[in-house]
Amino acid sequence: MEMKYGQILSSYLKEPGNLFVISSDFCHWGKRFSYTYYEKSHGKIWQSIEALDRMGMDIIEKMDPSNFTKYLQTFQNTICGRHPIGILLNAIDNLKQSTNSNGLKMELKFLKYDQSSKCESANDSSVSYASAALVLQ
C-alpha cells in the first residue's frame, strides 16, 4: 500500500506550491513500550538506541524504500510514522523513475535528533525524535 500511495502522491510532490509534512517520532524504548533492543557494542543503552535510529535515518536519507522496509523488519524499531515515511520514500522513488522528473534533484537530510531521556538501565524508557527536510530543485 505504501508503494501505491507513493505512486499516487508522487506527482504532487514535485509541484512547488505543495508542502508535505510527514510526522513521526523514532524509537520508543523501554518495557512499557515492549521494545528493549540493546546492542552493547554501541555503549550505553541510550547510545545503542541512537545508533539504531541513525541507521534508519541513514536509509531514509538515501531515499531507499525497500531498504527502509528491510530495516524495520530486521530491527522492529518502533517508529510510529513508519508508514507515512514509507509512502514518502515510495513517492520519491516513483518520481525519480518517472519520465516527468526532468532532471529534478532531491536531497533528504536529517537536521536534528534527540531523545526524551538517556536510558542507562533496563528500567528506563525514552522516545526518540528526529526532524528532516526534503529539498527538490
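From the N terminus on, the elements of this protein follow the order α-β-α-α-α-β-β. That gives four helices and three strands in a model that is predicted. The C-alpha trace spans about 50 × 25 × 25 Å along its principal axes.

- The three strands form an open sheet in the order E1-E3-E2, and their pairing is antiparallel.
- Strand E1 (28-29) and strand E2 (106-115) are the edge strands, each pairing on one side only.
- As background, strands of a sheet pair through backbone hydrogen bonds, either parallel or antiparallel.
- Between E1 and strand E3 (residues 126-136), the antiparallel pairing runs over two bridges.
- If you want a spot to look at there, histidine 28 stands opposite valine 127 in E3.

**Helices on the sheet**

- Helix H2 (residues 45-61) lies across E1, E2 and E3.
- The direction of H2 is at about 165 degrees to E2.
- Helix H4 (residues 82-97) also packs on the sheet, where it touches E2 and E3.
- The direction of H4 likewise makes about 165 degrees with that of E2.

**Helix against helix**

- Helix H3 (residues 65-75) packs with H4 at an angle of about 155 degrees, and their axes are 9 Å apart.
- Because angles over 145 degrees count as roughly antiparallel, H3 is roughly antiparallel to H4.
- On the H3 side, the contact is made by Pro65, Phe68 and Leu72.
- H4 contributes Arg82, Ile85, Gly86, Leu89, Asn90 and Asp93 to this contact.
- By class, the residues of the contact of H3 with H4 comprise five nonpolar, two polar and two charged.

**The largest pocket**

- The largest pocket is lined by 25 residues, and the closest to its centre are Phe20, Ile22, Leu88, Ala132 and Leu134.
- H4, E2 and E3 are the elements that each give two or more residues to the lining of the largest pocket.
- Which element supplies the largest share of that lining? The answer is E3, with seven residues.
- Sorted by class, the lining of the largest pocket holds 19 nonpolar, four polar and two charged residues.

Notes. Residues are numbered from 1 along each chain as its sequence is written. This is a predicted model: local features need pLDDT of at least 70, side-chain atom pairs count only at pLDDT 80 or more; totals for chains, interfaces and linings use all residues. Side-chain values use heavy atoms; hydrogens and water are left out. Two strands pair if DSSP finds at least two bridges between them. Contact means heavy atoms within 4.5 Å. Axes are lines fitted to C-alpha atoms, for helices over the stretch in contact, and angles run from 0 to 180 degrees between N-to-C directions. On a 1 Å grid over the protein atoms alone, a cavity is a set of points where a 1.4 Å probe fits but cannot get out, and a pocket is an open set with protein on both sides within 12 Å along at least five of seven lines; lining residues have an atom within 4 Å of a point. Ala, Val, Leu, Ile, Met, Phe, Trp, Tyr, Cys and Pro count as nonpolar, Asp, Glu, Lys and Arg as charged, and the others, Gly among them, as polar. Angles under 35 degrees count as roughly parallel, over 145 as roughly antiparallel, 65 to 115 as roughly perpendicular and the rest as oblique.
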